[in-house]
Amino acid sequence: MIKNLTSAFVLTFLSLASFATFASPVNVNKASPEEISSALSGIGPSKAKAISEYCKKSKCTKPEDLLTVKGIGEKTLAKISADVRFKDSK
């Protein structure tokens with residue numbers, strides 16, 4: 001019984017902890033590199049800086065625009081595209 005409760009507690013804790021790692025939507029045309037890095041899962045400071053600089057110069061309008069950024073390939077784009085925004089939500 002105690003073993004089952006402990007297992008249930010551990011599984012519940014891990015499930016809740018994993019929610020903290022999910023990305024949140026971010027407008028890459030306006031966000032700072034720090035905001036991009038913290039909002040997009042798998043995007044570190046250097047990629048976030050590259051995204052920020054590129055989108056400030058070349059106003060990004062769709063996820064595929066990010067493929068021009070060094071270090072962003074198809075796999076990375078697939079992971080982040082649901083959380084990338086190009087306009088502020090209303």
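1. Basis. This is a predicted model, where local features need pLDDT of at least 70 and side-chain atom pairs count only at pLDDT 80 or more, while totals for chains, interfaces and linings use all residues. Residues are numbered from 1 along each chain as its sequence is written, and side-chain values use heavy atoms, with hydrogens and water left out.

2. Core. The largest nonpolar core has 18 residues. Such a core is a set of buried Ala, Val, Leu, Ile, Met, Phe, Trp, Tyr and Cys residues joined through side-chain atoms within 4.5 Å. Buried means under 20% relative accessible area; exposed means over 50%, and partly exposed lies in between (1.4 Å probe, protein chains only). The residues with the most contacts inside the core are Val28, Ile36, Ile43, Ile51 and Leu66. Helices α2 (33-39), α3 (45-57) and α4 each supply at least two core residues. Helix α3 gives the largest share, three residues. Helices (H or I, at least four residues) and strands (E, at least two) are DSSP runs, numbered from the N terminus.

3. Ile51. Contact means heavy atoms within 4.5 Å. Neighbours within four places in sequence aside, Ile51 contacts Val28, Ile36, Ile43, Leu66, Val69 and Ile72.

4. Disulfide. The whole structure holds one disulfide, meaning a pair of cysteine sulfur atoms within 2.5 Å. Cys55 is joined to Cys60, with 2.3 Å from S to S. Both Cys55 and Cys60 are buried. The torsion about their S-S bond is about -85 degrees, so the disulfide is left-handed.

5. Salt bridges. There are two in the whole structure. The term means a side-chain nitrogen of Lys or Arg within 4 Å of a carboxyl oxygen of Asp or Glu. Lys49 pairs with Glu53, and their closest N and O atoms are 3.9 Å apart. Both sit in helix α3, four residues apart, about one turn of the helix. Lys49 is partly exposed at 45% relative accessibility. Glu53 is partly exposed too, at 41%. Asp65 pairs with Lys62, the closest N and O atoms being 3.0 Å apart. Here Asp65 is buried, with a relative accessible area of 13%, whereas Lys62 is partly exposed at 40%.

6. Thr76. This residue lies in helix α4 (residues 74-80). Is Thr76 buried or exposed? Thr76 counts as buried because its relative accessibility is 15%. Not counting residues up to four places away in sequence, Thr76 touches Ile43, Lys47 and Gly71.
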